[in-house]
Structures are given as C-alpha cells and as structure tokens.
Amino acid sequence: MVRSSGLLTRLRDPVALKSIAVTLSINDFVAGVSATLNYENEEKDPLEAFFVFPMDEDSAVYSFEALVDGKKIVAELQDKYQAHRNYEEALSGGFQAYLLEEDKCSRDVFCCNVGNLPPGSKVALTLRYVQELPLEDDGALRYVLPAILNPRYHLSDRCVDSCLDMKTPIVPLEDLPYTLSMVATINSQLGIRTIQSNCPLSDIDYIGDDKTSAQVSLAEGHKFDRDVELLIFYRKVHSPSVTVEMGMPERESDSLMGAPSAMVSFYPDIPEEETSTKCGEFVFLMDRSRSMKNPMSGQDRSQLRIDAAKETLILLLKSLPMGCYFNIYGFGSTHEAFFPESVKYTQQSMEKAVEKVKLMQADLGGTEILTPLRKIFRKPPIPGHPLQIFIFTDGEVVETFNVIREVKFHSQRHRCFSFGIGEGASTSLIKNLARVSGGTAEFITGNDRMQSKALRSLRRSLQSVVEDISLKWSLPPEIFAHMLSPEQTVIFKGQRLIIYSLLIGQIPQEEVTSEVCLKFTLHGKSYEEKVTFSLQPKADDNLTVHRLAAKSMIQSKDFGFKETTLIYKRDVLDISLESGVMSSFTAFVAINKELNEPVQGPLVQREIPRSILFSGSSMGQRNYPSDLPKTLPCAGFPVPQPPRSIRTGHCAVTTRGPNGAPQQPRYHQTTTKCVIHTDTPPELPHLLKYQSYEQGSREHNMAQLIYLQNADGSWDMKEDLAKILGTSFEDMKAAHPTEVLEPSAWATMLAVIWLHANCKDLKNEWGLLERKAVVWLHNNAVRGFSMLMRTANKFLKTSVSSSIFKC
C-alpha cells in the first residue's frame, strides 16, 4: 500500500497547497524551525483535509497555530483522546478546527487535520520545533528538512488506524501545485567557515566581518523532490560547552519548566588505540527489497543502492578481525541467511561469503525486518563473542515500535548499528534501533558513500568498552544538579555527548563560575574532562534547552501509542503536558469558535497528489517505489472513489452534511484521471539507466584491490593485482626482491602503498584492512621497510613514507 506525504483529501480535485515556507534559525548546535503551510479552498463546499508529513525523530514540536483569513488560532496540547473528542465535537457544531498529532505507528510521521475550511478561505498552518544537530565525521553539523516520506510496508493489521493508510494519486514532479522556500540564519561564536547543501542555495550573506553570523536561502523554484540538507562547518566544533537557560517565572522554581536548565556538551578525548580485538559475532542485515535497485543519488550514473551494498559488504568482510564470527542476512518480504549459524571468520568462510555477496540481487519484495531479527535473537550466544548487528535499509515498516521494542528487549546481549539509505529513511526506526541498544545511527544520502559510514561503525564496534561514565558538578552549596538525561552507558571516540540537567536552588545574583566534570575509565585507567561555565541563566522565549531536555526524557520512555507500558505512559503524558512538547499520547487541537455563524454545507474531502519522477536527474521518489501497489494517471475511465476512513473509532473520517451532521459516504466519478492498482511496477519510458563505477576508475580499482585481499590481511602475487597496480605481472615479479621477501609479502607491500598513493582521501574505508595487512607483514618477520620502500616506490612511481608500516 502506498503511503505518501502532502495535504491529503478524498476526491480527485486537489486542495491547492500553494506553498511551504520554512524559517530556520541555527544557534551553535541547535536548530529552531518554523514551518508554515499555506492552503486555499477554491471549492464551493467546506472541506476537511489532511496533511501527512515526515519530521526528524529528534524534533521537539512545541507550537502549532492556524492563521485563517487574518485571525490567529493557537492550539492547545491535550491528551490525545481528549483532543480527538474536542476536534470531532467542533466539526459537528460547524466550527473550524485543527488537529496535529504524531502517527500511532511511527514518531517521525505527523498528521494535521484541517476541518471546516469554508469556500474561498485561506489558511496558514505554522508548527514550530527545536532539534539538536548531529555532528558528522568531517566536523559538519547536519540539518535535514525531511521532504520524502517513503512507502511503508505492513507486517500485520496492528496499525490499521495509522494516518499513513492513504492511497493518493501520483503525478509528474512538474505538476505538483506547491513549492518550498527556506531561509536559514546561522549564529555561532565558533565562527562559520562555510555552508553546503544538496540543493541550490543563494550566496552566503555573512553578517559582520567576524563571520559569526550568516544567512542563506534556497534558490527560487525549489520543489519537494528531495530532503533538504544543510551542512554547516564552524571553525571549531570540538570544544565542550555548557548553556544555562532561565525557566518560566510563573512555574514552581523546582519544576521541569520553572527551574534553570543546563545543556552540557562534551567531546570525550578517548585515547587512540589500534584495533586488536579478535572477538565478536558480527551479523549484517542487508535490505534486498526491490527499491534497492534505485540509485544512491540523483546524479547521472550514480551507483545503484544494491551495488553499493554489495561493495560495502565485501569491504566489511575484508575488514573483520581474524578469529571472530559472522553471518549475513538479506531481507525483504522474506529473508535469507548465508549460513545456518554464524561461522568463524577464516579464509574459506570469507571467500564463500564474498561469492554469495556477488550474487545478491534486490529481489525480495517488501521490507520486513522483525522476523529475521527475532531469528537472530533466538540463536544461542557464542561465548566470548558479543553480538554486534548491522542493519542497512532504505525502506520503512509501519510497525516501527514493534521492531524497536524487540531490539531493546535484547539490548543486554547485543549492540545495533543502523543505516538509513537514501532520502525518506525512517529517522524513528534508524535512530531508535541504535539508541536503545548502545550503537550508532548513520544516514546515507546524496553523495555520501555507504562504505565510509559502514566502516566508521565497524571501527566503533571494535573499540574497547568505556566504563564507569559519570558526571560530577562543582556548584555553590545552595544549588544541586538534578539529572534529566538517561544514564549514559556508551561513549565512542569522536562522538558528541549531550546531557541535560535542572539546577535546583537559589541562583546567586552576582556572576558565579561553576564546573562540571565528565569521568570514565578505559582499560582500568581513569580519565576526566572538565568545563567551566557561568551559572547565570540566559532568557530564551522559546525555552529551547528546556524543551530539548523534555524531548530527551520523552524519548527514553515513549515507545509508541500501543507499545509503551502504563507506568511509562503516565510519565510521558505528564512530561509532555508540562513542557508543551508533543508525544505519542498528546496532540495539539485548535478550535475557532468566534465565527459569526457555523460553517454551512456538506463537508467533503479532497486530495493533493504526490509526485513521481520521470527521470533519474532528481533525488526525489527514486522512480516507482516498486515494493507496493501503485496509482497511475490515465484518461477516459470513470472510476467510483468512495471516501475511506483513515482511522477507527472516535476519529473516523466521514462526510458531513449541513451543520456538520454526518452523512452516508458519497461516491464520485471523474473522467479525466483514474487509479489503477498494480502488483508490479510499470515500465516508465524515460528512466535513466544507472551503472556502478566505470571500469578503470579509482573507486573501481580500489574495490577490485580490496576484493583480492585474503582474510588474514595479505595479498597474493597475481596477475589481477598487477593490472590494478598499473603494471604487468612479469614486471612485478622482476622487481620482487626475492632474497628478503616472500611473494605474498611483496604483493602486500605494493597493495598497501598503492592505497596510500591513490586513495588517501578514502582511508576511512580501507584503514581497518590496511592495519590487518601491516600486522600480517610484521607477524611474518618482514624487516628493513625503509630499504624495501625505496624499491617499491621506484617500481610504482610513488613517494610514500615507510612510516605507514609502523605497527
């Protein structure tokens, strides 16, 4: 079943969503967003319409309001059941009403109901949220405005009341009636180095000579054909900091929103260590649904997702340590395992797995993750080898919380490293799989290389465990810190750590400096990092720190409308209502009761279509989402289209008559378009063909070189290796210093030197397997690297230092 984003109604003629305007304000590492959606009812009847849209899992939504014909209606956050009752009663009374809620089956999808919109009326709906910005490996802060809501795959009928259960017409991108505009303002005393985006931007307008403030906007004419991504590079990002924010004066001084709140950011300097562990059971789950045939990005000749996945799996296999255990699962509507049980990592098992990876196809239908996960968890653990699971998926399941609950239930015996491939991957699924199990989450979009991010996670999985993590405050005696963030159990090198706390007590009037210290142990040795800060709280009308703290508390207890325990549900409801931050159990509702007279006439529903891209040049819907039934434009066939309920019980959608009275559903006909539901995707005439890397390119040669490496880290002296090195097998043998080196040692040296000389910027991908090669050389008593390097550099026409072979 296709589920899409946009203003959704129930008939063929769309409600005109005129524009979407986003105002983005980034201060240091936090984004404040105001998004306004402008609609106009051009019909002759009043409307009830639905807008379904994606949002990042970490967004703390705290405000929703409607501007109707110049009048502002501010919504109130209420218990979800009460909000629905109030909304339905308002519609029945002929009043204008607006409802905003999270989807019951996924926290990264929202639904907005616009009820009783009179003919000729205009409405502007504005929601506001704040969000922490993740830090990328290259030091960039990443903000994403989600635009793509991928098809979601049903595992069962448990979420029949999901707001995603809607079928909408599909139209070419150029026929979409709405556009997107965005203006972003960035402020930071760290200094702004540059701003990048996957979308065309205006020139960066720096405000002042010190480049601590800048403004940039999307180029005109942008449409919702891709997620909008901004990368902000500061001059310095790895500095610890503490922000203290003033609470609400009218609240109790020791309450969540009344007391000052502190946001502590650390970048723990975990000592560098060579990866030497040989233990671990590594299980890789790779999405093999048909949508994996789509390209990684919208650029011409972009690598297909399934090809990138196969290359990534081979790279991961080559990078595993000797002595560990591993297995690979492909999943879709069904699943397939390479081996009945995880096998020990040897040359034979690695070669067998690589051959199976080469045969992998995107041919397993939909996207069902839960069944293979349960199969993995049912298997007995391997003593001395902790389980590490790597999940790669570009699809989404409706039962997000069921999957998260399963992973959390088994979190004491495993860690999960999750990867969202392409625009529209569920942030709720990907982030929470990592969050509840102590792993990390990565999103692979645009020009990102799946290989780089997968190897970063593998390096983290091989890191030694950091233990005894604690935070110690040095505060005046009349003040104490009350922790709000969940207990921190995992820290990875290069990762930012954010902790929230309330400061309870009497804050001194005069300027006072305090200190907070992060402590942890590694290999029995204690480490600590300190940061000093001013205790004087700063006012913020948006209460950004307080609301981010509330969101952090909600995320630790909110596992969905149906999956959260009763005790946690009460806690989540209390936190949500006190802070004004939406949760699974609350919704915003606004009612305009100041109309001169109730809205008259039958209340009907209309649809806005979603797009289908008819070329590969855009990064939007990626051709047809081929896992699921489709809707296509066609002409000449009248088809009855009954309005369908998108919910059950008290929130069912019905057609209403005069004064809001419910009527029997009406059937409508259209002779301009029809909807055809198909089981297989149609052949579209103008889709570009995509291939993997061109033969002979640097990336292609690197992939081939990695493919030739043995499990122990060595290379054999073969003709295939000589071709990659740009020489002949005879010349490679002739240059071989036979008196001091075995053939495999010579081949291994040349392969490592070639990687350093030709692919240095991709070292984060081949670094682990290169270390295996260096260790193998030392274990095989290779000596005199300086002399051998001169011979090798001369042969390869390179100038690489012998220091690369230091063990």
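Over which residues does pLDDT stay under 50, with 22 contacts beyond four places in sequence?

1. The stretch is residues 153-158, where pLDDT stays under 50 and the model has 22 contacts beyond four places in sequence. Here pLDDT is the predictor's confidence in each residue, from 0 to 100, and contact means heavy atoms within 4.5 Å.

2. Basis of the note. This is a predicted model, in which local features need pLDDT of at least 70 and side-chain atom pairs count only at pLDDT 80 or more, while totals for chains, interfaces and linings use all residues. Residues are numbered from 1 along each chain as its sequence is written, and side-chain values use heavy atoms, with hydrogens and water left out.

3. Confidence, whole chain. The protein chain has a mean pLDDT of 81, and 80% of its residues reach 70 or more. Residues 608-692 also have pLDDT under 50 throughout, and the model gives them 237 contacts beyond four places in sequence. Where pLDDT is low, the predicted coordinates should not be read in detail.

4. Overall make-up. The protein chain contains 15 helices and 37 strands. Helices (H or I, at least four residues) and strands (E, at least two) are DSSP runs, numbered from the N terminus. Of its 807 residues, 60% count as buried. Buried means under 20% relative accessible area, exposed over 50%, and partly exposed in between (1.4 Å probe, protein chains only). Taking contacts between residues at least 6 apart in sequence, 77% join residues at least 24 apart.

5. Nonpolar cores. A nonpolar core is a set of buried Ala, Val, Leu, Ile, Met, Phe, Trp, Tyr and Cys residues joined through side-chain atoms within 4.5 Å. The largest one has 82 residues, of which Trp715, Met732 and Phe805 touch the most other members. Helix α13 (residues 743-758) gives the most to this core, at 10 residues. Another core lies apart from it and has 56 residues, including Leu24, Ala35, Phe53 and Tyr98. In soluble globular proteins, nonpolar side chains tend to be buried together.

6. Met732. Which residues does Met732 contact, leaving aside its neighbours within four places in sequence? They are Met717, Lys718, Leu721, Ala722, Leu725, Trp746, Leu750 and Phe795.

7. Second largest pocket. About 910 Å³ of space lies in this pocket. Its lining has 34 residues, with Asn27, Asp28, Thr243, Lys538 and Val545 nearest the centre. Two or more lining residues come from each of β2 (16-27), β3 (30-40), β10 (122-132), β19 (241-245), β20 (261-266) and α8 (544-557). By class the lining has 14 nonpolar, 15 polar and five charged residues. Ala, Val, Leu, Ile, Met, Phe, Trp, Tyr, Cys and Pro count as nonpolar, Asp, Glu, Lys and Arg as charged, and the others, Gly among them, as polar. On a 1 Å grid over the protein atoms alone, a pocket is an open set of points where a 1.4 Å probe fits, with protein on both sides within 12 Å along at least five of seven lines; lining residues have an atom within 4 Å of a point. Grid points are joined across faces, edges and corners, and the volume is the space filled by probe spheres set on the points.

8. Ser428 and Glu57. Ser428 is in helix α6 (residues 427-435), while Glu57 is in the loop between β4 (47-54) and β5 (60-68). Why does Ser428 count as buried? Its relative accessibility is 0%. Glu57 also counts as buried, at 0% relative accessibility. Beyond four places in sequence, Ser428 touches Glu57, Ser106, Arg107, Asp108, Thr400 and Ile404.

9. Positive phi. Asp468, in strand β29 (residues 467-474), has phi near 50 degrees, a positive value in a residue other than glycine. Asp468 counts as exposed because its relative accessibility is 56%. Lys797, in the segment after α15 (785-796), has phi near 60 degrees, which is also positive in a residue other than glycine. Lys797 counts as exposed, at 75% relative accessibility.

10. Asn86. Asn86 lies in helix α1 (residues 80-92) and counts as buried, at 18% relative accessibility. Leaving aside neighbours within four places in sequence, Asn86 is in contact with Gln78 and Ile591.
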